Amino acid sequence: MSKPPKVKCCVSKTRCKRCPIRMLKEGTLPDGYGVKKRRLVRIGADGTVVPVEKKDKKSKKSKKGKKAQNKKNQGKKAKKHALAA
């Protein structure tokens, strides 16, 4: 099985192999999928159109790092505020 289509078209003049627009034109787009405004959408059994969301690849570690960074920034802001007052 080939790779699934991209979620969003890259608007390249020469279409890539996973471009949803190219796959739609050639008829190789998987069943239940369509393209609307250069984005891949899932078409339900009743004809409803649901946008396909990109999977989040971020790990939990990166979130912990941001929380620690925010705490440091809050401390700096408090010190700055105390000095200004």
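## Strands, charges and a loop

Visitor: Leaving aside neighbours within four places in sequence, which residues is Val 50 in contact with?
Guide: Val 50 is in contact with Val 41 and Arg 42, once neighbours within four places are set aside. Bear in mind that this is a predicted model.

Visitor: Where is Val 50 found?
Guide: Val 50 sits in strand β3, which covers residues 49–51.

Visitor: How far is Val 50 from Gly 34, C-alpha to C-alpha?
Guide: The separation is 9.7 Å. Along the chain, Val 50 and Gly 34 are 16 residues apart.

Visitor: Next, Val 49. Which strand is that in?
Guide: Val 49 is in strand β3. With a relative accessibility of 43%, Val 49 counts as partly exposed.

Visitor: And what does Val 49 touch, not counting residues up to four places away?
Guide: Val 49 touches Lys 36, Val 41 and Arg 42. As for spacing, the C-alpha atoms of Val 49 and Val 35 are 9.6 Å apart. Those two residues are separated by 14 positions along the chain.

Visitor: Let's zoom out. How many helices and strands does the protein have?
Guide: There are 2 helices and 3 strands. In sequence order the pattern reads α-β-β-β-α.

Visitor: What share of the protein counts as buried?
Guide: Of its 85 residues, 12% count as buried.

Visitor: And the accessible surface, what does that come to?
Guide: About 7,900 Å². Carbon and sulfur atoms account for 56% of that surface.

Visitor: Among contacts between residues at least 6 apart, how many join residues at least 24 apart?
Guide: The share is 20%.

Visitor: Let's take a cysteine. Where is Cys 9 found?
Guide: Cys 9 lies in the segment before α1. Cys 9 is buried, because its relative accessible area is 4%, under the 20% cut-off.

Visitor: What is Cys 9 in contact with, leaving aside its neighbours within four places?
Guide: Arg 15, Cys 19, Pro 20, Ile 21 and Arg 38.

Visitor: How far apart are the C-alpha atoms of Cys 9 and Val 35?
Guide: They are 9.4 Å apart. In sequence, 26 residues separate Cys 9 from Val 35. Arg 22 is also 9.4 Å from Cys 9, C-alpha to C-alpha, and 13 residues away in sequence.

Visitor: Where is the place of Arg 22?
Guide: Arg 22 is in helix α1, residues 20–26. Not counting residues up to four places away, Arg 22 touches Arg 15, Cys 16 and Lys 17.

Visitor: How many salt bridges does the structure hold?
Guide: The structure holds 1 salt bridge. Glu 26 forms a salt bridge with Arg 22, and the closest N and O atoms are 2.4 Å apart. Side chains of opposite charge can pair when their charged atoms come close.

Visitor: About how many helical turns separate Glu 26 and Arg 22?
Guide: About one helical turn, because Glu 26 and Arg 22 are 4 residues apart in helix α1.

Visitor: What about positive charge on the surface? Which residues gather in a patch?
Guide: Lys 13, Arg 15, Lys 25 and Arg 38 gather there. Arg 15 and Arg 38 are also among the contacts of Cys 9.

Visitor: Stay on Arg 38. In which loop does Arg 38 lie?
Guide: In the loop between β1 (33–36) and β2 (39–43). Arg 38 is partly exposed, with a relative accessible area of 35%.

Visitor: What is the phi of Arg 38?
Guide: Positive, about 65 degrees, although Arg 38 is not a glycine. Most residues other than glycine have a negative phi.

Visitor: And what phi does Lys 37 have?
Guide: Lys 37 has a positive phi of about 55 degrees, and is not a glycine. Lys 37 is also placed in the loop between β1 and β2.

Visitor: Is Lys 37 buried or exposed?
Guide: Lys 37 is exposed, because its relative accessible area is 76%, over the 50% cut-off.

Notes:
Residues numbered from 1 in each chain as written. Predicted model: local features only at pLDDT ≥ 70, side-chain atom pairs only at ≥ 80, totals over all residues. Heavy atoms only, no water. Patch = residues over 30% accessible without salt bridge, like charges linked within 9 Å, V, L, I, M, F, W, Y side chains within 5 Å. Areas by Shrake-Rupley, 256 points an atom, 1.4 Å probe, with all protein chains shown as cover. Salt bridge = Lys/Arg side-chain N within 4 Å of Asp/Glu carboxyl O. Lys, Arg positive; Asp, Glu negative; His and termini not counted. Charge placed at Lys NZ, Arg CZ, Asp CG, Glu CD. Buried < 20%, exposed > 50% of the residue type's maximum accessible area, 1.4 Å probe, protein only. Contact = heavy atoms within 4.5 Å.
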